[in-house]
Amino acid sequence: MGCCRRWFHKRSSSDDDSPERQRIVSPRRSSRHLLTGTPLQTIHVPSHNLNLEYSAFTHRGYYPYSLNHENQDSFCIKTRIQGNPNLHFFGVFDGHGRFGDHCSHFVRDRLIEILSSDQALLDDPVKAYNSAFLATNSELHDSNINDAMSGTTAITVLVIGDTLFVANVGDSRAVIAAKHGNRIMAESITNDQTPYREDEYERVKLCGARVLTFGQIDGEEDPNVKVWSVEEDDEDPPRIWLQDKHYPGAAFSRSLGDSVAETIGVIGVPEVSVVKLMPHHMFFVIASDGVFQYLTSQVVVNMVARYRDPRDACAAVAGESYKKWLEKYGQTDDITIIVVFG
């Protein structure tokens with residue numbers, strides 16, 4: 001289909017007069033979107049002559065027992081970091097706990113501020129990323145936000161020219177679409193940080209954590225046996241607990257905040273991946289687990305690939321995620337997604 005012609009490519013001088021280029025700047029696409037309420041956003045990356053079209057969408061979860069529940073998700077898009085037209089940032093933050101919205105907003109604001117102020121950012125983006133995450137986490141602990149049992153995950157993408165630096169803490173996710181022949185494949189950029197991962201399981205255990213499902217905590221299943229199976233199929237995932245305590249019960253093994261869980265290995269240290277954009281790359285998606293809980297990365301990529309406008313793609317994925325949650329539980333998580341077309 002026509003949308004599949006889109007991928008990260010260098011513009012030629014004829015692009016401005018091409019029918020495809022004229023379609024991109026059509027009045028319909030430059031006006032506010034009916035569902036997301038946002039205009040189409042475009043940034044140019046002059047160092048590699050790339051155009052990025054992007055959109056973000058966030059939706060508060062539906063909780064029948066708490067209709068005024070705050071949306072604990074947030075997102076950040078900052079272009080031209082340090083005044084550099086080749087440097088751009090995208091981030092999604094999924095808060096949890098009683099003060100999860102405060103934690104999410106704090107990290108949303110401070111992480112990019114600290115990252116932007118690092119004069120060595122371009123010299124060593126990975127080091128700058130790690131420093132910014134650790135500093136943000138420390139500041140959150142020292143703030144007036146009670147993060148003992150509250151915190152946030154963070155999935156962020158720093159675009160430097162034709163390279164993506166992706167830093168992840170928690171179980172939100174980044175995925176890139178790659179065109180191989182007639183097929184569009186979802187390629188994972190991040191790996192969810194949960195006790196399902198053997199390396200994360202062993203790491204938190206060494207820090208003194210117990211890793212058990214609710215069924216094991218409640219005495220319904222043997223606590224000495226790994227009773228969980230494939231992540232996508234588990235209704236009762238493994239969680240992280242203090243010894244002899246029935247908290248915190250974290251289903252993720254890394255986060256920002258969560259000072260109690262931090263004592264048993266739930267850390268704010270990001271895993272940083274580097275992806276060089278190639279001609280076969282079409283778009284990338286970052287989203288909270290409100291999206292990926294019931295939609296696989298491939299399903300999300302398939303849905304996004306049907307659309308020419310990233311706003312349509314965001315609305316479609318969010319709507320399908322919402323429907324899946326309602327079918328499963330009669331309620332929904334907060335849902336946030338950013339789609340970036342090249």
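How many nonpolar, polar and charged residues does the lining of the largest pocket have? By class, there are 18 nonpolar, 13 polar and 15 charged residues. Before I go on: this is a predicted model.

Let me stay with that pocket. The volume of the largest pocket is about 1,300 Å³. Its lining comprises 46 residues, and those nearest the centre are Arg239, Ala251, Asp289, Gln293 and Asp333. Several elements each supply at least two residues of this lining: strands S4 (87–96), S10 (239–241) and S11 (248–250), along with helices H8 (289–292) and H10 (310–329).

Now to S4, one of those contributors. Is S4 mostly covered or mostly open? Mostly covered: ten of its ten residues are buried. In a regular strand, side chains alternate between the two faces of the sheet. Here, both faces of S4 are covered. One side carries Leu87, Phe89, Gly91, Phe93 and Gly95, the other His88, Phe90, Val92, Asp94 and His96, and all are buried.

S4 has strand partners too. S3, residues 73–78, runs antiparallel to S4 and is joined to it by six bridges; phenylalanine 75, for instance, has valine 92 in S4 as its bridge partner. S5, residues 151–160, also runs antiparallel to S4, with ten bridges joining the two. There, aspartate 94 has threonine 153 in S5 as its bridge partner.

Next, salt bridges. The structure holds 14 of them.

Arginine 108 pairs with aspartate 109, with the closest N and O atoms 2.9 Å apart. Arginine 108 counts as partly exposed because its relative accessibility is 24%, and aspartate 109 counts as partly exposed at 35%.

Glutamate 113 forms a salt bridge with arginine 110, the closest N and O atoms being 2.6 Å apart. Both lie in helix H3, residues 100–116, three residues apart, which is about one turn of the helix. Glutamate 113 is partly exposed, with a relative accessible area of 41%, and arginine 110 is also partly exposed, at 23%.

Lysine 276 and aspartate 162 meet through their side chains in a salt bridge of 2.5 Å, N to O. Because lysine 276 sits in strand S13 (residues 271–276) and aspartate 162 in the loop between S5 and strand S6 (163–169), the pair ties together parts 114 residues apart in sequence. Lysine 276 is partly exposed at 47% relative accessibility, whereas aspartate 162 is buried, with a relative accessible area of 13%.

Finally, there is a network: salt bridges with shared partners join Arg197, Asp199, Glu200, Arg203, Arg254 and Glu271.

Methods:
Residues numbered from 1 in each chain as written. Predicted model: local features only at pLDDT ≥ 70, side-chain atom pairs only at ≥ 80, totals over all residues. Heavy atoms only, no water. 1 Å grid on protein atoms, 1.4 Å probe; cavity = no way out; pocket = protein on both sides within 12 Å on 5 of 7 lines; lining within 4 Å. Points joined across faces, edges and corners; volume = space filled by probe spheres on them. Helix = DSSP H or I, 4+ residues; strand = E, 2+ residues; numbered from the N terminus. Nonpolar A, V, L, I, M, F, W, Y, C, P; charged D, E, K, R; others polar. Buried < 20%, exposed > 50% of the residue type's maximum accessible area, 1.4 Å probe, protein only. Pairing = 2+ DSSP bridges. Salt bridge = Lys/Arg side-chain N within 4 Å of Asp/Glu carboxyl O.
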